[in-house]
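Here is a friendly briefing to read beside the model. Please keep the sequence and the 3D view open as you go.

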Amino acid sequence: KNINLNLKKREILALLGENGSGKTTLMNMLSGIYTPDSGSIYIDGKKARIQAPEDAVRLGIGMVHQHFKLVDVFSAADNILIGKADKNTNVFLTKSRYKQIEEIASKFGFEIDAKKKVRDMAVSEKQTLEIIKVLCYGAKTIILDEPTAVLTVQEIEKLFDVLRKMKEEGHSVIIITHKLNEVMSISDRVAVLRKGEYIGTVNTAETSEKELTELMVGRKVDLNIERPVYDKTEPLLEIRDLNVKNDEGSLAVKNVSFYIRGGEILGVAGIAGSGQK
């Protein structure tokens with residue numbers, strides 16, 4: 001609703017908001033999956049019509065979705081080249097295609113085996129492939145939807161190094177996230193959405209996690225968790241002489257008694273079929 005947003009050349013813009021605030025929906029409009037009901041989109045100052053993903057590609061916009069759009073039985077190279085194929089050429093018959101993809105990858109600091117099938121790849125490899133794919137299609141604006149959700153800490157650092165290199169090469173990046181520490185680490189500016197509306201954009205160097213949290217939810221937030229104090233001497237839950245019959249009518253649980261106190265974790269042990277369920 002009434003979103004006003006701008007992305008500068010050579011910057012990393014974090015798009016921040018709670019779940020359901022409209023971040024992915026907004027970016028799906030830029031990538032041609034949804035069409036806006038009203039308003040205008042400008043690329044390099046010129047009004048643009050984005051009614052299909054092909055339009056977004058032509059305008060230099062590429063999106064890496066949270067759920068990858070890859071063909072499992074194809075190699076890395078062929079997943080990229082299938083989008084560049086036309087009826088007059090068979091890109092899958094050229095042996096040089098593997099080297100071509102690996103050269104583009106190494107330019108940005110990516111490591112990829114162009115012959116490897118997607119079904120044999122780890123999650124981080126699939127994400128790398130998706131990013132290389134949009135770069136191969138000529139994207140100057142790259143949108144990443146929750147890219148760190150499936151990565152380890154080491155993989156996140158590696159990804160951020162690549163994003164910084166892409167920025168130096170002249171690309172602009174929009175990263176959708178709700179992880180405040182990552183926002184502070186990687187972005188130049190932060191745009192905040194709340195319940196489908198644009199709240200504002202702040203310079204990352206001039207804000208804090210506390211301020212961003214308040215912009216996201218619309219009220220002051222205490223980030224300190226107050227944990228209740230439990231009486232650890234009295235049972236919180238107690239079971240006495242419990243009997244349960246199974247579907248066949250015999251006893252699955254016979255004369256079971258136990259208790260658990262506040263602040264405890266109780267383990268239930270036994271081989272399969274002992275009645276734990």
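## Two helices side by side

Helix 5 and helix 6 run roughly parallel to each other, a label for angles under 35 degrees, with over 145 called roughly antiparallel, 65 to 115 roughly perpendicular and the rest oblique. This is a predicted model, in which local features need pLDDT of at least 70 and side-chain atom pairs count only at pLDDT 80 or more, while totals for chains, interfaces and linings use all residues. Residues are numbered from 1 along each chain as its sequence is written, and side-chain values use heavy atoms, with hydrogens and water left out. Helices (H or I, at least four residues) and strands (E, at least two) are DSSP runs, numbered from the N terminus.

**How helix 5 meets helix 6**

- The two axes, of helix 5 and helix 6, come within 12 Å and cross at roughly 10°; axes are lines fitted to C-alpha atoms, for helices over the stretch in contact, and angles run from 0 to 180 degrees between N-to-C directions.
- Helix 5 brings Ser 124, Gln 127, Ile 131 and Leu 135 to the contact, and helix 6 brings Glu 155, Leu 159 and Met 166; contact means heavy atoms within 4.5 Å.
- Sorted by class, the contact of helix 5 with helix 6 has 4 nonpolar, 2 polar and 1 charged residues. Here Ala, Val, Leu, Ile, Met, Phe, Trp, Tyr, Cys and Pro count as nonpolar, Asp, Glu, Lys and Arg as charged, and the others, Gly among them, as polar.

- Helix 5 covers residues 123-136, and at 1.5 Å a residue its 14 residues should span 20 Å, which agrees with end C-alpha atoms 20 Å apart. The expected span is 1.5 Å times one less than the number of residues.
- Because 11 of its 14 residues are buried, helix 5 is largely enclosed by the rest of the structure. Buried means under 20% relative accessible area, exposed over 50%, and partly exposed in between (1.4 Å probe, protein chains only).
- Among the buried residues of helix 5 are Glu 130, Lys 133, Val 134 and Cys 136.
- Those buried residues of helix 5 pack against strand 4, helix 3, helix 4 (97-107), strand 5 (141-145) and helix 6 (153-168).
- After helix 5 comes Gly 138, with a positive phi near 90°.

**Nonpolar cores**

- Which members of the largest nonpolar core touch the most other members? Of its 42 residues, they are Leu 16, Phe 110, Leu 129, Ile 131, Ile 132, Leu 163 and Met 166. A nonpolar core is a set of buried Ala, Val, Leu, Ile, Met, Phe, Trp, Tyr and Cys residues joined through side-chain atoms within 4.5 Å.
- A second, separate core has 15 residues, including Leu 26, Met 27, Met 63 and Ile 143.
- Ile 132 touches Ile 80, Ile 101, Ala 105, Phe 110 and Ile 112, not counting residues up to four places away in sequence.

**A buried loop residue**

- Ser 75 sits in the loop between strand 4 (61-64) and helix 3 (76-81).
- Is Ser 75 buried or exposed? With a relative accessible area of 4%, Ser 75 is buried.
- Residues up to four places away in sequence aside, Ser 75 touches Tyr 98, Ala 114, Lys 115, Lys 116 and Lys 117.

**Helix 8 and the prolines beyond**

- In helix 8 (residues 209-217), the buried residues are Leu 212, Thr 213, Glu 214 and Met 216.
- The cover over these residues of helix 8 includes strand 1 (12-16), helix 7 (180-186), strand 7 (189-194) and strand 8 (197-203).
- Pro 228 lies in the loop between helix 8 and strand 9 (235-245) and counts as exposed, at 57% relative accessibility.
- Pro 235 is in strand 9 and is partly exposed, with a relative accessible area of 35%.
- The C-alpha atoms of Pro 235 and Ile 260 are separated by 5.5 Å, although these residues are 25 residues apart along the chain.
- Leaving aside neighbours within four places in sequence, Pro 235 is in contact with Tyr 259, Ile 260 and Arg 261.

**Positive phi outside glycine**

- Asn 2 is not a glycine, yet has a positive phi of about 50°; Asn 2 lies in the segment before strand 1 and counts as exposed at 65% relative accessibility.
- Asn 255, also not a glycine, has a positive phi of about 50°; Asn 255 is found in strand 10 (residues 251-261) and counts as partly exposed at 48% relative accessibility.
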